[in-house]
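Open the model in your viewer and keep the selection panel at hand. The tour moves from one selection to the next.

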Amino acid sequence: MNQQDAVNWILSFQKKIESSKEYLTDLDQAVGDGDHGINMNRGLQHAAGVLHEKTFETPGDVLKAVSTAFISKVGGASGPLYGSAMLKASGSCGGKETLEDEDVKAMLRAAADAVQARGRAERGEKTMYDVWEAVVRAAEEKEDIDWQHVRMKTAEAADATKEMQAKKGRAAYLGARSIGHLDPGSVSTRMLIESLAEVLESGDS
Amino acid sequence: MKKLINNASEVVNEMLDGMVLSHPNELRRLDGTTVLVRKDAPVQGKPAIISGGGSGHEPAHAGFVGRGMLDAAVSGEVFTSPTPDQVFEAVKAVDGGSGVFLVIKNYTGDVMNFEMAAEMAEAEGIDVKYVVVNDDVAVEDSSFTSGRRGIAGTVLVHKILGAMAEEGASLGEIAEEAEKLVKDIKSMGMSLTPCIVPEAGKPGFTLADDEMEIGTGIHGEPGVERTGLLSADETAAALLEKIEQDMKLEPDMDVLLLINGLGATPLMEQYIISRAVHHLLKDKGVKVTETIVGEWMTSLEMAGVSVTLLKMNEDRQRWIAAAADTTAFKR
Ligand SMILES: Nc1ncnc2c1ncn2[C@@H]1O[C@H](COP(=O)(O)OP(=O)(O)O)[C@@H](O)[C@H]1O
Ligand SMILES: [Mg+2]
């Protein structure tokens, strides 16, 4: 993965979010306050603007800029969560110009750890951490990342939030009424990973 | 959706402009931010009190900026916590050398964004302390979950901590009282109709004409329970019963009663609820030392009310009675 792949990753994610803004908002209306699509779209519009304007040397630089967009433009829970994930992912990439599969795994793990730390989340609490945790496990299963497998596990993890009772985030206020609804942050995180897989599985990473 | 707006993505910006134009002697907006501060900020020689959160709760939070309450309010998008950099700008602008106290409502987003701001301020050598308000008894209190939400009782926190700061309390003393205070405030809300976030364009849930939600928060979200339509007296009893599970109501106890309209409930109905709560408390021998009725922490145009009880003592009587000069609350 080079800096161009990183840019393509985020731009692809931005397009997915833009076209799913209403869907994510519907999901968040069922268990939260109905702003997840709006929040994500605001942050990614800004990030895309920065990525078009500036040039970057490394994937780490790209992710740093994306992190700043999330932290300063989004707010809510998803701003600090995505912002911290991107910041730690950027740190994990360091100054490397190209990331090998080993580096991509480390980057994903850094992001997942950041979400867990910022949200004080554990697995099974119906948050985006459930998806991050599954992504890291799936990526680490094979020496060369099997993106088909990662996609499948990511989708499963996002879908599995539907039957969970929320323990963290706004959905937790609904208690048992949160069961039966997908977690919006898990669905958007799945899109982030789908975009990464699309970018990396086509060529050699 | 039928709203008096120009552009759904500009509502917060245009509202803040409108507030400053309407109250030029009281409020000032920090350039390029969503922060409103006291016109005379930073006030030297007293800790500054900052609150904030998503917009859509007006007059909270900027309506409580002024002498005796808040030094600054930070507004996020509708129902969305503001970002750390905005909070940090507020901290820098109001710090008068005696430190800054943040009043945070217990929502994952608010806690994370304000904590990040506190970390930024500490890195700059500004003394920052905070309290997380969690007065809503609708949701279970548990260390395994996000815990309870902060709702209308937050306004009483603004009043008391603001009065303490004016009276000469230190940042440490304010932090100490804040921790005790939040344990002594309990609230419970309900709603008759949902509300529409401008950018979403449609309501968060729907309620039939003969239904209501009990345990509703202040973000247009559903409550914890849906029931058939109850009368005002029955509603007041249901809300109080829930509060009572957490706050033992004993004879000769002193409480402050706050009735909060959620946005579309007329004062007539708020007073009918107030009457019912007064009767119920009287039967228990609980003394209401003061009642505050009105719209303090709204949820856009939601119809509904919340009831808040604060345990009173001599100090709190004095802080509640102390002068306050804000656009939404004056004494
Ligand atoms: N404590 C937490 N840890 C991890 N993820 C969380 C936590 N709280 C909330 N989330 C995630 O954030 C998402 C909600 O984001 P968003 O709607 O943008 O923010 P808000 O909840 O402030 O309205 C949830 O769907 C969930 O995945
Ligand atoms: Mg939300």
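Start in chain B with an open sheet of six strands, ordered S10-S9-S8-S13-S11-S12. Its pairing is mixed. This is a predicted model, so read every stop as a prediction.

Now colour the two edges. They are strand S10 (225-228) and strand S12 (287-294) of chain B. Each of these edge strands pairs on one side only. Look along the sheet: from one strand to the next, the twist averages 20°.

Next, select strand S8 (residues 185-193) and strand S9 (residues 211-214) of chain B. Do they run parallel or antiparallel? They run antiparallel, and two bridges join them. Show Ser191(B) and find its bridge partner in S9(B), which is Glu213(B).

**Two domains of chain B**

Zoom out to chain B as a whole. Where they meet, domain 1 of chain B puts in 25 residues and domain 2 of chain B puts in 32.

Which helix gives the largest share of the domain 1 side? Select helix H4 (residues 154-167) of chain B: seven residues of that side come from it. By class, the domain 1 side has 15 nonpolar, five polar and five charged residues.

**Chain A against chain B**

Bring chain A into view. Here 28 residues of chain A contact 30 residues of chain B. On the chain A side, select helix H1 (3-31), H2, helix H3 (59-73), H4 and H5 of chain A; these elements give two or more residues each. The largest share, three residues, is from H3(A). This side of chain A holds eight nonpolar, 12 polar and eight charged residues.

**Ligand 1**

Finish at ligand 1, which lies between chains A and B. Show the 27 residues around ligand 1. Which of them come nearest? They are Gly76(A), Gly119(A), Gly169(A), Gly185(A) and Gly109(B).

H8(A) brings the largest share, three residues.

Methods
Residues numbered from 1 in each chain as written. Chains lettered and ligands numbered in written order. Predicted model: local features only at pLDDT ≥ 70, side-chain atom pairs only at ≥ 80, totals over all residues. Contact = placed C-beta atoms within 7 Å. Helix = DSSP H or I, 4+ residues; strand = E, 2+ residues; numbered from the N terminus. Nonpolar A, V, L, I, M, F, W, Y, C, P; charged D, E, K, R; others polar. Near = placed C-beta within 6 Å. Pairing = 2+ DSSP bridges. Axes fitted to C-alpha atoms, helices over the stretch in contact; angles between N-to-C directions.
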